[in-house]
Amino acid sequence: MNQLKVYDHCGDGFTAVSNRFLDEYMPKANGEFVKIYLYLLRAAKLPGCSLSFSVIADTFDCTENDVERAVRYWSKQHLIRLDTDPDRQITSLTLLPFLSTQPEKTDSHTSSPADEITGKKEDTEHKIPLSPAQYTLTPDMVKELRQKEDVMQLLFIAEQYLGKTLSPSEISRILYFYQELHFSADLIEYLIEYCVSKGSKSIRYMEKVALAWAQAGITTVEMAKQETNTFHKEYFTVLKAFGISSRNPVDSEIRLIDHWRKDYGFSTDIILEACSRTVSQTGKASFQYADGILSSWYQKGVKTFSDIERLDADHRERREKRSARTSPVKSANKFNNFHQRDYNFSDLERQLLKK
């Protein structure tokens, strides 16, 4: 992992935590994600600060993947802006202000530290797209967009995939992807193809996938294919751990796997361990049972396999102590292990004298 440049647009001279962060964002976030955000907030105040994911991981005794998940989580919350290289590796991040949800603007005559490093001037305006519910198109705008050759071809291809004539609402959503999310016609075509291949022709489903891609910074078909391949790999790896190989994951299973990965922040290895224990203890694939295991681990602060081993050792110790308390007390005299007989020695003596 390359050195990570950290820039600050929140102010300088002190480390301040916004009340909006404390009131609105912190209660809903993973505790580890909160710690990493506060760490970055402090680091951004240091002149010329340069970090790496490995340094942050060492500081919090976690993995680099844990750090990257935290950074991407705050990016999705629009509290951090990420800059990536062509290989989608994060090269720098900028902490964004809480004062307004309006797009961040910078003076067109000044350059950011990133501009100085790369030697080129880029548009530093951070545009937060309108939500689909807020996005509206006038008839004139629709007419103008539909005159574009790539849009005309895109709408025609969409009708072929969906097998019907597009409704005005569906056209509006597709143009939202094009105009507001800045997806190319090729990327939107792949989006529709991908959703249909998964068995869904719902424009609402396409909208959810498109927003997820936009938040992940996906701008090309190649990046989208990489994302969908990762999607398949993550979910099908969990199904395989349960011994399921003959079907795709259903929505409820996808929601649980997303919950374990994104909300709990667990790595795939830890999730697979929970699946393995589920099968060994119940003899079947049970997402609910695995969820119980992972929820317990999350509540107990599990982040690595060593944490699981520590919990297992504590459990064995408690079980042995309970067993020791309930076991009967045995005498140290080994002869007491035999049944003790009661003899009347006077009767025995009389019987011997008569002989």
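Which residues of H3 meet which residues of H4? Select both helices: Phe53, Ser54, Ile56 and Ala57 in H3 meet Glu64, Val67, Glu68 and Val71 in H4, where contact means heavy atoms within 4.5 Å. By class, five of the residues in this contact are nonpolar, one is polar and two are charged. Here Ala, Val, Leu, Ile, Met, Phe, Trp, Tyr, Cys and Pro count as nonpolar, Asp, Glu, Lys and Arg as charged, and the others, Gly among them, as polar.

A quick word on what you are looking at: this is a predicted model, in which local features need pLDDT of at least 70, side-chain atom pairs count only at pLDDT 80 or more, and totals for chains, interfaces and linings use all residues. Residues are numbered from 1 along each chain as its sequence is written, and side-chain values use heavy atoms, with hydrogens and water left out.

Stay with the two helices for a moment. Two packed helices are described by the angle between their axes and the distance between the axes. H3 covers residues 53–60 and H4 covers residues 64–76, and their axes come within 8 Å and cross at roughly 105°. The axes are lines fitted to C-alpha atoms, for helices over the stretch in contact, and angles run from 0 to 180 degrees between N-to-C directions. H3 and H4 are therefore roughly perpendicular to each other (angles under 35 degrees count as roughly parallel, over 145 as roughly antiparallel, 65 to 115 as roughly perpendicular and the rest as oblique).

Now zoom out. The protein has 16 helices and four strands; these are DSSP runs numbered from the N terminus, helices being H or I with at least four residues and strands E with at least two. Of its 355 residues, 36% are buried (under 20% relative accessible area, with exposed meaning over 50% and partly exposed in between, using a 1.4 Å probe and protein chains only).

Next, click on His78, in the loop between H4 and strand E3 (80–84). Most residues other than glycine have a negative phi. His78, though, has a positive phi, near 65°. His78 is partly exposed, at 32% relative accessible area.

Hop to His182, in the loop between H8 and helix H9 (185–197). Its phi is positive too, at about 60°. Is His182 buried or exposed? With a relative accessible area of 56%, His182 is exposed.

Select helix H8 (residues 168–179) and look for Ile171. Ile171 counts as buried because its relative accessibility is 11%. Leaving out residues up to four places away in sequence, Ile171 touches Arg146, Leu155 and Leu166.

Show the side chains of Glu170, Arg173, Ile174, Tyr176 and Phe177 of H8, plus Ile203, Arg204, Met206, Glu207, Ala210 and Leu211 of H10, which make the contact. By class, that contact has seven nonpolar, no polar and four charged residues.

Last stop: cysteines. Select Cys195, which is buried at 0% relative accessibility, then Cys275, also buried with a relative accessible area of 0%. How many disulfides are there? Counting pairs of cysteine sulfur atoms within 2.5 Å, the total comes to zero.
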